[in-house]
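Okay, everyone, thanks for coming.

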Amino acid sequence: MSEEPAHAARLRRMLFEAWGSSEDPVFVVRAPGRVNLIGEHTDYNQGLVLPAAIALDISIALRPRRDRRVELHSLALGETRAFDLDDVKQRRSAGGTSRTWIDYVAGMAWALGGADIELRGLQGVIESRLPVGSGLASSAAFLLASAWALMDHENRPLPSPEHLAALAHRAEEEFVGVRSGVMDQLAASLGRVGHALLIDCRSLEIEAIPLPKGVVLVVCDSGVPRRLSESAYNERRAQCEEGVRLLRQRLPGVESLRDVQLETLERWRSDLPETIASRCEHVIRENDRVRAAVRALRSGALGEIGPLFSASHASLRTLFEVSSPELDTLVEIASGIDGVVGARLTGAGFGGCTVNLVRPEAVDMFRETVTRHYAERTGGTATIHVVKTANGAGLTHP
């Protein structure tokens with residue numbers, strides 16, 4: 001896995017500017033963001049998702065220290081924070097302490113240390129090409145980049161990508177205190193150029209699904225940030241759990257919504273509050289849409305993708321209630337452009353981005369039309385990212 005030499009050289013210069021020059025070896029690690037093609041709010045319900053890692057990433061240029069101190073400088077924030085590896089004993093977010101970005105690094109150290117993985121102190125600089133709060137999994141990318149920065153690369157064997165993803169998920173939930181599914185960490189750790197990943201969030205089986213060459217991935221950032229810990233995300237998750245609890249009273253074998261068929265839900269729907277039933281219906285139908293989308297991609301039936309994307313967005317808007325006027329506007333504008341195969345919100349919702357499959361010859365028209373009409377209709381600015389798929393996290397420059 002290699003990175004453009006100019007990028008690595010620039011990060012090396014930034015490291016020297018922040019911490020001074022040295023004869024010690026410099027490493028550059030990176031982890032990609034992700035865009036989810038389809039399968040929203042299914043991951044924490046043990047369902048199916050179809051993300052792709054993208055070449056909007058977070059990189060850390062670092063040099064190892066001879067002690068256990070971790071010192072990092074954020075280029076975006078212009079601030080430096082530090083901690084000692086031997087002091088990471090418990091959740092830094094406990095007891096009402098507000099979180100900062102260094103807690104993600106400390107949480108990753110906590111999870112790695114708990115798995116008896118050898119760690120090292122370091123000095124480093126962090127550069128992000130991922131917009132924060134946009135729903136492109138910047139936190140998962142930061143956790144995985146931090147993992148690669150903290151690990152002693154000379155200590156072999158290194159953990160598997162699957163193991164690192166699981167540890168990053170544990171760090172985010174148990175140390176940082178943000179509930180999430182495992183999709184983001186798996187996509188950031190196991191991404192593959194030219195492919196999406198079909199992830200079974202129950203069995204953790206992963207299959208690389210080739211993306212057709214006749215479409216381009218385009219992400220539209222609504223400019224409305226989303227913050228999972230401050231949003232209704234946890235409420236939606238609790239509502240799904242309540243649906244499982246109520247259905248289990250009738251169906252003792254139900255462990256998650258993955259175990260419930262649509263006809264079963266309809267049979268017992270009257271036993272559930274309507275809001276709970278709507279949340280369950282979305283998840284059940286969304287799993288079916290993921291399966292259908294994979295079949296369409298495998299067969300090259302791009303004409304089937306658009307209706308699946310549209311149905312997914314409508315379900316997220318009406319049944320799961322996580323869309324927003326800005327996201328709805330982006331999808332509506334995109335859906336009216338010739339050459340757009342499909343458009344829908346991506347990520348947890350409550351702001352953030354849409355994902356669009358666009359034919360290459362339509363990209364310029366897409367960019368111009370979406371930018372202009374979004375500004376006219378919302379007064380906001382949509383940022384358009386034509387993204388390439390990427391490989392998963394790792395060392396990029398020795």
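So, helix H6: it has 18 residues and runs 27 Å from its first C-alpha to its last, close to the 26 Å expected at 1.5 Å a residue. Bear in mind that this is a predicted model.

Which residues of H6 are buried? They are Tyr233, Arg236, Arg237, Gln239, Cys240, Gly243, Val244, Leu246 and Leu247. And what covers them? The cover includes helix H4, at residues 161-176, along with H7 and helix H8, which is 274-299.

Now step off the end of H6. Between H6 (233-250) and helix H7 (262-268) there's a loop, and Val260 sits in it. Is Val260 buried or exposed? Buried: its relative accessible area is 4%, and the cut-off for buried is under 20%. Leaving out residues up to four places away in sequence, Val260 touches Leu247, Val254, Leu265 and Ile284. For a sense of distance, take Val260 and Ala208: they're 52 residues apart in sequence, and C-alpha to C-alpha they're 26 Å apart in space.

Okay, over to another helix, H3. This one covers residues 138-150, so to speak a 13-residue helix, and it reaches 18 Å end to end by C-alpha, close to the 18 Å expected at 1.5 Å a residue. Of those 13 residues, 12 are buried, so H3 is largely enclosed by the rest of the structure. The buried set includes Phe142, Trp148, Leu143, Leu144 and Leu150, plus several alanines, among them Ala140 and Ala141. Ser138 and Ser146 are buried in H3 too.

Let's zoom out. The protein has 11 helices and 13 strands. Its radius of gyration is 21 Å, close to the 21 Å the globule rule gives for 398 residues, so it's as compact as a globular protein of that length. Along the principal axes, the C-alpha trace spans about 65 × 50 × 40 Å.

Buried residues make up 57% of the 398. On contacts, take the pairs at least 6 apart in sequence: 73% of those join residues at least 24 apart.

The protein exposes about 16,500 Å², with carbon and sulfur atoms supplying 47% of that.

Definitions and conventions. Residues numbered from 1 in each chain as written. Predicted model: local features only at pLDDT ≥ 70, side-chain atom pairs only at ≥ 80, totals over all residues. Heavy atoms only, no water. Helix = DSSP H or I, 4+ residues; strand = E, 2+ residues; numbered from the N terminus. Expected span 1.5 Å × (residues − 1). Buried < 20%, exposed > 50% of the residue type's maximum accessible area, 1.4 Å probe, protein only. Rg over C-alpha atoms; globule rule 2.2 N^0.38 Å. Contact = heavy atoms within 4.5 Å. Areas by Shrake-Rupley, 256 points an atom, 1.4 Å probe, with all protein chains shown as cover.
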